[in-house]
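Have the sequence and the structure at hand as you read.

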Amino acid sequence: MTIALPGKEIADKLAGKFPGTIIDSNQNYCLVKSEALLRIGTFLKDNPELDFKYLNYITAVDYYEYFDVIYQLTSLQYNHSIILKTRCPRDSAVLPSVVGLWRTADFQEREIYDLMGIRFEGHPNMKRIVLWEGFAGHPLRKDFNGT
Amino acid sequence: MEVGSVRQRVYSDKELDQAEGAAIEALKAGSQQPIPDPDQWLEEELKRNILLTTVDAMINWARRNSLWPVVCFPACCAFEFITTAASRFDISRFGMEIIRASPRQADLMITAGTLTWKMAPNVRRIYDQMPEPKWVIAMGACGISGGIFASASYAVVPGYNRIVPVDVYVPGCPPRPEALLYGIRQLQKKIARESLAKRKA
């Protein structure tokens with residue numbers, strides 16, 4: 001079974017390296033500022049002690065005022081994983097793309113853009129993946145009301 | 001005993017000879033041409049092998065007993081269709097065991113599954129590629145009305161009859177193979193009532 005590292009432990013490691021970028025951390029996750037997402041992601045991936053070379057999934061949650069985007073990262077070498085979260089406001093739902101770090105992100109970021117309406121900057125092909133071009137709105141948003 | 005006296009009372013020998021000669025002459029006179037071959041047996045054979053019917057009845061009989069379905073299985077109803085086609089329920093009893101992968105060789109579309117709007121143009125194209133005459137069976141709740149997705153979904157077509165004309169609706173989620181076979185029988189009855197003169201365009 002993969003060991004789920006406490007988010008706090010990772011946050012402590014990151015705090016010294018990237019001061020002021022950790023918003024929150026607890027047993028379950030580590031929430032970081034979106035401006036630092038790429039730098040932190042690169043560190044988590046390339047640091048030989050952490051070695052998070054594998055991205056399990058990305059998902060997004062609508063909290064009305066803001067969106068949380070959640071990344072589960074795993075090291076296949078050490079068999080441990082963490083939950084990394086970042087946040088973007090609802091009125092300017094833009095986040096940096098992590099396709100350059102993990103190719104898993106390609107389709108999943110497109111799906112999040114399609115259904116949740118969060119735009120990922122730096123994605124090589126940022127367009128809808130499930131619904132058709134011209135569909136009005138993003139159906140997984142809580143305020144979506146269309147049939 | 002005098003034999004001659006007894007015979008003389010009925011016909012004389014001369015009369016008998018004359019009667020015989022007349023019969024021969026009559027037969028000879030009536031037999032100057034050869035008698036034609038007796039082909040009465042041929043008509044008997046034809047009577048036994050030719051059925052008289054209407055063009056409508058004959059064409060409908062042929063059409064309804066050799067329906068060839070096209071593959072159009074977007075979702076889970078497909079498994080009930082596969083069961084229907086397999087040996088236990090055996091759709092070939094109704095002359096339709098050849099399930100075509102090409103719509104150009106099919107005349108029946110059994111719409112086994114949920115249809116999304118993104119898939120809808122492709123289903124419409126498959127239907128358009130089928131040659132006339134063609135029929136559609138809407139199989140399952142999703143095929144009829146969108147099913148559980150009918151009222152709430154932004155992505156599901158609420159019934160195949162938005163896309164293609166449907167002849168028979170088979171309810172169920174999914175329908176049992178018996179229900180699908182019953183629907184097929186209903187379609188066959190429907191085809192039996194069709195007329196070439198009234199056939200829809």
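In this predicted model, α8(B) runs for 16 residues and spans 22 Å from its first C-alpha to its last, close to the 22 Å expected at 1.5 Å a residue. Which of its residues are buried? They are Leu180(B), Gly183(B), Ile184(B), Leu187(B), Gln188(B) and Ile191(B). An α-helix has 3.6 residues a turn, so residues three or four places apart point the same way.

What do the buried residues of α8(B) pack against? Their partners are α4 (55-64), α5, β3 and β4 of chain B. That brings us to the largest nonpolar core, which has 32 residues. Those with the most contacts inside this core are Leu108(B), Met109(B), Ile110(B), Val136(B), Ile137(B), Ala138(B) and Met139(B). At least two core residues come from each of α5 (77-85), β2 (108-112), β3 (135-139), α7 (140-145), β4 (168-170) and α8 (177-192) of chain B. β3(B) gives the most, with 5 residues. For a local view, pick Ile110(B): leaving aside residues up to four places away in sequence, Ile110(B) touches Pro69(B), Cys72(B), Phe81(B), Ile137(B) and Met139(B). There is also a second, separate core of 31 residues, which includes Ile10(A), Cys30(A), Leu44(A) and Ile112(A).

Now for where the chains meet. Here 6 residues of chain B are in contact with 5 residues of chain A. On the chain B side, the touching residues divide into 3 nonpolar, 2 polar and 1 charged.

The loops have some backbone details to look at too. In the loop between α6 (120-129) and β3 of chain B lies Pro133(B), joined to Glu132(B) by a cis peptide bond with omega about -5°. Another cis peptide bond joins Cys173(B) and Pro174(B), with omega about -10°; Pro174(B) is in the loop between β4 and α8 of chain B, which leads back to the helix where we began.

Finally, look at phi. Tyr64(A) has a positive phi of about 70° although it is not a glycine, and is found in the loop between β4 (54-62) and β5 (66-75) of chain A. With 9 other C-beta atoms within 10 Å, Tyr64(A) is exposed. Asp90(B), also not a glycine, has a positive phi of about 60° and belongs to the loop between α5 and β2 of chain B. Asp90(B) is partly exposed, with 13 other C-beta atoms within 10 Å.

Terms used:
Residues numbered from 1 in each chain as written. Chains lettered and ligands numbered in written order. Predicted model: local features only at pLDDT ≥ 70, side-chain atom pairs only at ≥ 80, totals over all residues. Contact = placed C-beta atoms within 7 Å. Nonpolar A, V, L, I, M, F, W, Y, C, P; charged D, E, K, R; others polar. Core = buried A, V, L, I, M, F, W, Y, C linked by C-beta atoms within 7 Å. Buried ≥ 20, exposed ≤ 12 C-beta atoms within 10 Å, placed from the backbone. Helix = DSSP H or I, 4+ residues; strand = E, 2+ residues; numbered from the N terminus. Expected span 1.5 Å × (residues − 1).
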